[in-house]
Amino acid sequence: MSLRYVNAFARELPYALREQVVGYARSVELASHDISKEAEVELTDELRDQLVLVAAVRKLHAICSTSYWLLYNSTRLLGDEVSGVRVGNTTFSPGNADFDQLSRLLGDLEIVLRDQGLTVEMIRQPYPEILGLLADGRR
Amino acid sequence: MDADSVSRAIQQFAREHRTALDFLNARQPQLLEMGAMVGVVQHYRASGYSTSIRNPVGTQIFRVKLSTQGHPADYSHVVCERGTSICELHSNLSVIGGRDAGVYCVDVAIVNAGVVPHKKGKKAAPPTPNSDLISFVEAKKLVIYPMLLAQFVGIVHEVAPKFLKRDRKYELGDGHLHPSLVALGRLGTNTQDILKSFKRRKYKISIAEHFDIRLSAAARGGNLSPFAGTISELLQRSAEAKSLRDDSGLAIDDDTDELSGIVTTTAMEAALNREISDDEIPF
């Protein structure tokens with residue numbers, strides 16, 4: 001049952017991203033008992049499922065964030081000498097539609113997290129602390 | 001936390017952003033290769049070189065070669081010049097190995113000026129002779145784990161074995177970058193011991209973990225090389241450079257501070273934590 005919350009959204013992701021997100025979530029699932037020991041929190045099935053969900057969201061956010069910032073900082077460092085960068089068949093320049101699309105991807109994901117009571121700061125914390133927060137939320 | 005609600009919200013998000021996610025699905029490694037190329041450009045700028053970007057004829061678009069296929073003339077390259085030292089940076093360039101006639105394709109090649117054809121002929125571009133390869137960079141979107149280090153050393157062993165010799169005469173001068181491994185993840189659990197061992201063995205290679213954060217720090221200003229020092233040192237120098245600019249009354253021209261979060265102490269910690277989500281050992 002551990003991946004039930006993850007699988008529910010991961011099936012909407014393209015294959016390679018899904019593999020990364022689910023694979024990472026599985027690695028956290030495998031480590032969940034050690035995490036609970038360190039957090040000194042009793043691990044229930046529901047808590048473990050929530051922890052694994054947070055891990056999957058964290059991985060998805062890392063993928064979106066890393067990709068956007070690599071692109072943003074690359075265009076910034078190249079400066080005015082170029083009008084954009086071409087990756088595959090897509091040309092990115094600050095402000096163009098493709099660039100904005102990646103910017104919105106990251107921004108909208110962070111809005112979704114905020115609306116759900118999760119913050120980027122929270123999901124980036126060490127897992128024992130996340131588990132503690134999840135446990136506190138249930139009390 | 002309402003896990004059902006979170007899951008449904010992310011599901012809806014994934015549906016709404018399918019096009020962008022499809023792009024990342026296909027191009028995530030290539031974005032890192034592009035970042036590696038730009039990072040090398042920045043390294044040479046920080047080392048006092050003037051850099052000149054040469055795009056394919058008729059375009060101002062920086063076009064990075066992202067596979068072994070294609071002629072170098074169809075892609076951008078960068079000419080770096082400092083006094084009498086001139087070199088060129090090429091992406092995904094085929095080079096002849098350092099031990100035999102094997103042909104290897106390195107993600108970013110630093111080569112002597114003028115050795116890569118800039119015009120297309122009737123034949124495919126020949127691989128660059130090993131003697132013209134100054135150095136190179138490989139990019140991996142992974143946590144740096146022992147076998148990745150071993151693989152990289154293996155590549156250096158075949159492509160540029162001189163950097164694994166203890167002999168001092170193989171030290172690169174002119175601010176050139178040693179063969180480098182660029183990765184998105186952090187250094188894995190026991191990689192520090194391996195890196196110390198590399199140092200004892202006088203391997204002239206560098207490992208740039210958290211490269212997205214390194215590139216962010218370099219982009220903040222201060223003319224920093226994203227390959228120089230540890231992440232903490234780089235972020236510190238970047239923060240100091242920004243502080244100096246702020247003190248001098250220079251305006252910040254964008255909203256990067258709020259978004260990238262690599263300036264304040266708290267935000268530095270957050271930036272450092274970001275890639276932990278790529279870790280194989282998740283806590």
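Begin by selecting A:Val87, which lies in strand β1 (residues 84-87) of chain A; strands here are DSSP runs of E of at least two residues, helices are runs of H or I of at least four, and both are numbered from the N terminus. This is a predicted model, in which local features need pLDDT of at least 70 and side-chain atom pairs count only at pLDDT 80 or more, while totals for chains, interfaces and linings use all residues. Residues are numbered from 1 along each chain as its sequence is written, and chains are lettered from A and ligands numbered from 1 in the order in which they are written.

A:Val87 is buried, with 22 other C-beta atoms within 10 Å (buried stands for 20 or more such atoms within 10 Å of a residue's own, exposed for 12 or fewer, and partly exposed for what lies in between, with C-beta atoms placed from the backbone). Leaving out residues up to four places away in sequence, A:Val87 touches A:Phe92 as well as B:Arg27, B:Gln30, B:Leu31, B:Met34 and B:Val64, where contact means C-beta atoms, placed from the backbone, within 7 Å.

Next, select helix α2 (residues 15-39) of chain A. The 25 residues of α2(A) reach 33 Å from first C-alpha to last, close to the 36 Å expected at 1.5 Å a residue, the expected span being 1.5 Å times one less than the number of residues. At A:Ala31 the helix α2(A) bends by about 55 degrees, the angle between axes fitted to the seven residues ending there and the seven starting there. Among the buried residues of α2(A) are A:Leu17, A:Tyr24 and A:Ile35.

Where they meet, A:Tyr15, A:Ala16 and A:Leu17 face B:Leu21, B:Leu24 and B:Asn25.

Finally, show both chains: 54 residues of chain B are in contact with 60 residues of chain A. On the side of chain B that touches chain A, the largest share, 18 residues, comes from α2(B).

Note on methods. Axes are lines fitted to C-alpha atoms, for helices over the stretch in contact, and angles run from 0 to 180 degrees between N-to-C directions. Two residues are in contact if their C-beta atoms, placed from the backbone, lie within 7 Å.
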